[in-house]
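Have a look at the picture, and then we will walk through it together.

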Amino acid sequence: MKVKHPIPRAKELDSTLSLIKEGFDFMPSRRKTLGSDIFETRLMGQKAVCIAGEQAAAVFYDNKYFTRKGAMPKPLKKTLLGEGGIHGRDGEDHHHLKRMFLSMMTPERLEDIKRMAIEELDAKASKWETMDEVVLLDEVEEILTRAVCHWAGLPLKENEVKQRTQELSAMVDSFGGSLHRFKEGAEARQSQEKWLEGIIKDIRAGRYNPAPNTAAYIVAHHKGTDGKYLDLHKAAVDLNNSYRPMLATAYLIVFGALAIHQYPETRTKLQADQNQYSHMFAQEVRRFYPFAPAMAAKVKRDFVWHGYHFKKNMLVVLDIFGTNRHPDIWKRADEFIPERFNDWKGSPFAFIPQGGGDHHSGHRCAGEWMTVMVMQAFFKYLTENITYTVPEQDLSYDMRRMPTMPKSRFIITNVQKLQQSPKNIIGQHQTPTAVTF
């Protein structure tokens, strides 16, 4: 096929520093300047092509054309994702591991994490009533650590809660160009992996026996395509990847609390929850607010797409944030409108906050169902089970920071629990088949 035209180039010789300085706005601003959803640049001295949009996501997540192997930035392996984990694998190796992760996401287990999270939230809310102010992000991170470690079958001791919460938080907060945050994230990962390796050893030796449906049991007993137990280190990485992403949900929950505050009409809609408004609200939070900025892959073989020539081993970066806000996909893309998800039948490549494509065969996060269900439950609790005041504070968030959050980390005061039991939320059964993406 004849190449129609060259790929537009960003003006910088190397865009690494611009990416660090501009954060989430880097790729959308270059696309706007160049008038193109595809452009070429250099990142860390390597030639890279940046793409955005539904069709771009569809080809990016097509395993015939792209591989994740060798594409992930080394800092992410040292901090957020770990070395040897599922994010850097392809082919049958990836599918085999994906089946392991999906086996953890049964309807019963999803209901378990929702129940555990709300029970922890309700216990915390009782303490919030006695506090002068509550820093919501910090509190939600501890709530989710307690809940997800319990869900995963990890023996989390009370005197370890603070340490494990700080470690998971540091890992999630580690990317974005800050050397200090990178070092903290790398140290946190080393500590987490050492802890998990000890747990996996104990499970395999029969000294510790978590329930068979827990992540700890499943990963410890999982065998790879070679029929052997996973290498201890890789098993620790995969076990961490089964529950660590839940800590990132803390950012989305806080952004949801921000949305409830800034769009007060959503509070009564969440309380009524007609047509599963809480689900629409959670999805719009994931679409609208900055969460995952981008994803990288390498070209598996030469091909031509839309007239552009993609060469083998070329680095390609997909603009996730820009795709979720793309005006060709979303009407009034820069407005917060939960109702846009009412009976939404969009493409799995149009809405990609946690990867694109099919959960089973593609690179969409296996924990996405868990994220959405926990978010829904938290938003229902915040609007139905407690009242609180949002005092004056800096609620702005810096688009240059990755990940980002309200600068105040969202402070609430005058918390009062209502008489209503959280069982009104725990009892609302929702299976994954009802969670559309």
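In this predicted model, the largest cavity is lined by Arg286, Arg287, Tyr289, Pro290, Phe291, Ala292, Ile320, Phe321, Asn324 and Pro353. Its volume is about 40 Å³, and the count of cavities of 30 Å³ or more comes to one. Two elements, α14 (277-288) and α15 (320-324), each give two or more residues to this lining. The largest share, three residues, comes from α15.

Next, the strands. Five of them form an open sheet with mixed pairing, in the order β1-β2-β8-β5-β3. β1 and β3 stand at the edges with a single partner strand each, so one side of each has no neighbour in the sheet. Strands β5 and β8 run antiparallel and are joined by five bridges; Ala297 stands opposite Val316 in β8.

| Strand | Residues |
|---|---|
| β1 | 38-43 |
| β3 | 66-67 |
| β5 | 294-299 |
| β8 | 315-319 |

Finally, the nonpolar cores. The largest one has 96 residues, and Trp128, Trp151, Leu154 and Phe378 have the most contacts inside it. Helix α12 (residues 245-262) supplies the largest share of this core, 13 residues. Apart from this core lies another, of 21 residues, including Val49, Ile51, Ala297 and Ile320.

What is Leu154 in contact with, leaving aside its neighbours within four places in sequence? The partners of Leu154 are Cys149, Trp195, Leu196, Ile199, Tyr208, Ala216, Leu239 and Tyr243.

Note on methods:
Residues are numbered from 1 along each chain as its sequence is written. This is a predicted model: local features need pLDDT of at least 70, side-chain atom pairs count only at pLDDT 80 or more; totals for chains, interfaces and linings use all residues. Side-chain values use heavy atoms; hydrogens and water are left out. A nonpolar core is a set of buried Ala, Val, Leu, Ile, Met, Phe, Trp, Tyr and Cys residues joined through side-chain atoms within 4.5 Å. Buried means under 20% relative accessible area, exposed over 50%, partly exposed in between (1.4 Å probe, protein chains only). Helices (H or I, at least four residues) and strands (E, at least two) are DSSP runs, numbered from the N terminus. Contact means heavy atoms within 4.5 Å. Two strands pair if DSSP finds at least two bridges between them. On a 1 Å grid over the protein atoms alone, a cavity is a set of points where a 1.4 Å probe fits but cannot get out, and a pocket is an open set with protein on both sides within 12 Å along at least five of seven lines; lining residues have an atom within 4 Å of a point. Grid points are joined across faces, edges and corners, and a volume is the space filled by probe spheres set on the points.
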